[in-house]
Amino acid sequence: EFESGDYKVVHAGDNSGRKGVAFLIHKSLQKDIIGYETVSSRMLILHMKAWPKNKTFIDVYAPDSAHPDEEIETFFAQLETRIQEHLPQVIIMGDLN
């Protein structure tokens, strides 16, 4: 994670510019961050205070059809598990290919 101007950047992935996901959080919302979890270079979870209930955001970059079926199945199994853990207050975003 790092700061850039009025924003905090929370990133999962490497520095190659491939397969990473990130949240860009304005400074006015930083006090509401409960925490975040790096699941993989393709999945990052952010927990935020919200009213009336806290929210969980899952940012994803799914492998496309050029990747092995096993990798795709593993990714979506991880995503399903994380969704179930955080229902009903979960928002999924990103690239599901």
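Predicted model: local features only at pLDDT ≥ 70, side-chain atom pairs only at ≥ 80, totals over all residues.
**Close-up views of strand pairing and salt bridges**

View 1. Strand 1 (residues 2-4) and strand 2 (residues 7-12) run antiparallel and are joined by three bridges. Two residues separate the strands of this hairpin. In the turn, Gly 5 has a positive phi of about 65°.

**View 2. Strand 2 also pairs with strand 3 (residues 21-26).** Six bridges join the two strands, which run antiparallel. Tyr 7 has His 26 in strand 3 as its bridge partner.

**View 3. Lys 31 and Asp 32 form a salt bridge.** The closest N and O atoms of the pair are 3.6 Å apart. Lys 31 counts as exposed because its relative accessibility is 58%, over the 50% cut-off. Asp 32 is buried, with a relative accessible area of 18%, under the 20% cut-off. The model has five salt bridges in total.

**View 4. Glu 37 and Arg 82 form a salt bridge between distant parts of the chain.** Their closest N and O atoms are 2.6 Å apart. Glu 37 lies in strand 4 (residues 33-40) and Arg 82 in helix 1 (residues 69-86), 45 residues apart. Glu 37 counts as partly exposed, at 25% relative accessibility.

**View 5. Arg 82 also forms a salt bridge with Glu 85.** Here the closest N and O atoms are 3.9 Å apart. Both residues lie in helix 1, three residues apart, about one turn of the helix. Through shared partners, salt bridges join Glu 37, Arg 82 and Glu 85 into one network.

Note on methods. Residues numbered from 1 in each chain as written. Heavy atoms only, no water. Pairing = 2+ DSSP bridges. Helix = DSSP H or I, 4+ residues; strand = E, 2+ residues; numbered from the N terminus. Salt bridge = Lys/Arg side-chain N within 4 Å of Asp/Glu carboxyl O. Buried < 20%, exposed > 50% of the residue type's maximum accessible area, 1.4 Å probe, protein only.
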